[in-house]
Amino acid sequence: MRNVAELPLHGGHVPAWLAQRMRKLTRLVLILAVDEYGTKGLLERLSDPVWFQAFNNLIGMDWDSSGSTTVTVGMIKEALSREELGVKVAGGKGKASRRTPEELKTIAERYELDPEPYIRTSRLVAKVDTVAFQAGYQLYHHAFFLDEEGNWAVVQQGMNEKAKLARRYHWFDAETFTLDPHKAIAGIRAELALNTVSRDSREFQKTLLDLVSEGPEKVAREVETIKAIAKGYRPLVYYRPRDVDERVILKRYESLGKLELNARALEFARELGVGNYEELLLKGLGPSTLRALSLVVELVYETPPSWKDRVTHPPDPFKFTYAVGGKDRVPFPVERGTYDDLISFLEKLVERNREERAIVRNVAKITKNWKFPSEEKTPTP
């Protein structure tokens, strides 16, 4: 039995009758969660892939679809825009993600916060998962959660078109963006991933900054030397590190895409005197340029980045699909009557005071150790 949702690319859409119920249930769950844990507690849970996936399963979305991210975040954003709970969402899928800075300004002003740090964080988080951490996934969804106290979380998703698989990146109030910054990453673990933000990559980052400070001309010469080696030509002057199989190193980088340099971005970074890795990522550095730089740093200067993927394998939240069923009939078709009864019960619960809501905690004790029949966890059609 698989322990995680694989998030394959699925077609189709959420039917109107189900979307209507999803909106109602999403609103009620958010109200109860904020009342129980506060806005910071809600953001902590949204940045937990198990809790997020359980939320998705609870409202009836497919348990193993790339759409679980986009649909669930969309429902949450809509509910929080209508309900004043002290937390809002900027961004979303595709074009909506590009509106993140503008929407963050509006949210920050509403909560009397300076928007610039959050706009910078949004850009940096996207850069890390596009450039600094590469496993073959292209970002297409970016949602930034911000509460009135200044706490933030990000849920963003990338797609591997070749494999037709998505992976979801979770962030929460990160203190550093360049040393194991993610709260978690959900998806299929890759055999290799260019991970320049691992704690094992401190020396790599330092060497990379030193290389960039020398200017794009030297970097370009080093890259051309390596390309010549890849074609089977041995330059007259070339320092070959001991015990290094060049072919293995080259193959790793080539598997991630082209090795191209953006000389203008490197020159710009050098002129500005970039002092840390965060600044370098924000100065127009793209995935192919970083791959080329990383190859030089590893092969010539013997300072490799980490090649360990950061995907986490958390406990399985599949049992939450048994609340009302799943959109694509796994583990069973959505039961409209049960869904409506659940909404009605929670609406009455929200109207009661906090002490009276304690009855729900007793229900949780019953379901905590329940295990679903493993044979019913099948890929959605």
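This is a predicted model: local features need pLDDT of at least 70, side-chain atom pairs count only at pLDDT 80 or more; totals for chains, interfaces and linings use all residues.
**View 1. The loop between H12 and H13, with Pro 331 and Glu 302.** Val 330 and Pro 331 are joined by a cis peptide bond, for which omega is about 0°. Glu 302 lies in the loop between H12 and H13, and although Glu 302 is not a glycine, its phi is positive, at about 55°. With a relative accessible area of 42%, Glu 302 is partly exposed.

**View 2. The packing of helix H1 (residues 16-46) against H13.** The axes of H1 and H13 are 10 Å apart and the two helices pack at an angle of about 30°, which makes H1 roughly parallel to H13. The crossing of this pair is left-handed. On the H1 side the contact is made by Trp 17, Leu 18, Arg 21, Met 22, Lys 24, Leu 25, Leu 28, Ile 31 and Leu 32, and on the H13 side by Arg 336, Tyr 339, Asp 340, Leu 342, Ile 343, Leu 346, Glu 347, Leu 349 and Val 350. Sorted by class, the residues of the contact of H1 with H13 comprise 13 nonpolar, no polar and five charged.

**View 3. The crossing of helix H9 (residues 246-254) and helix H12 (residues 287-299).** The axes of H9 and H12 come within 10 Å and cross at roughly 160°; the two helices are therefore roughly antiparallel to each other. H9 passes H12 in a right-handed crossing. From H9, Glu 246, Ile 249, Leu 250, Arg 252 and Tyr 253 meet Arg 291, Ser 294, Leu 295, Glu 298 and Leu 299 of H12. The residues of this contact between H9 and H12 divide into five nonpolar, one polar and four charged.

**View 4. Ala 292 in helix H12.** Ala 292 has a relative accessibility of 2% and therefore counts as buried. Leaving aside neighbours within four places in sequence, Ala 292 is in contact with Val 223, Leu 259, Glu 260 and Leu 261.

**View 5. The nonpolar cores, with the surroundings of Leu 280.** The largest nonpolar core has 61 residues, and Trp 152, Trp 171 and Leu 280 are those with the most contacts inside it. When neighbours within four places in sequence are left aside, Leu 280 is in contact with Leu 208, Leu 209, Val 212, Ala 269, Val 274 and Leu 285. Apart from this core lies another, of 40 residues, among them Leu 18, Leu 32, Leu 42 and Ala 143.

**View 6. Two loop residues, Ser 66 and Asp 173.** Ser 66 is found in the loop between helix H2 (49-58) and helix H3 (67-82), and because its relative accessibility is 5%, Ser 66 counts as buried. Beyond its neighbours within four places in sequence, Ser 66 is in contact with Leu 7, Pro 8, Leu 9, His 10, Tyr 140, Gln 157, Met 159 and Ala 166. Asp 173 is found in the loop between strand S5 (165-172) and strand S6 (184-186); although not a glycine, Asp 173 has a positive phi of about 40°. At 23% relative accessibility, Asp 173 counts as partly exposed.

Note on methods:
Residues are numbered from 1 along each chain as its sequence is written. Side-chain values use heavy atoms; hydrogens and water are left out. A nonpolar core is a set of buried Ala, Val, Leu, Ile, Met, Phe, Trp, Tyr and Cys residues joined through side-chain atoms within 4.5 Å. Buried means under 20% relative accessible area, exposed over 50%, partly exposed in between (1.4 Å probe, protein chains only). Contact means heavy atoms within 4.5 Å. Axes are lines fitted to C-alpha atoms, for helices over the stretch in contact, and angles run from 0 to 180 degrees between N-to-C directions. Helices (H or I, at least four residues) and strands (E, at least two) are DSSP runs, numbered from the N terminus. Angles under 35 degrees count as roughly parallel, over 145 as roughly antiparallel, 65 to 115 as roughly perpendicular and the rest as oblique. A crossing is left-handed if the near helix is turned anticlockwise from the far one by less than a right angle, and right-handed if clockwise. Ala, Val, Leu, Ile, Met, Phe, Trp, Tyr, Cys and Pro count as nonpolar, Asp, Glu, Lys and Arg as charged, and the others, Gly among them, as polar.
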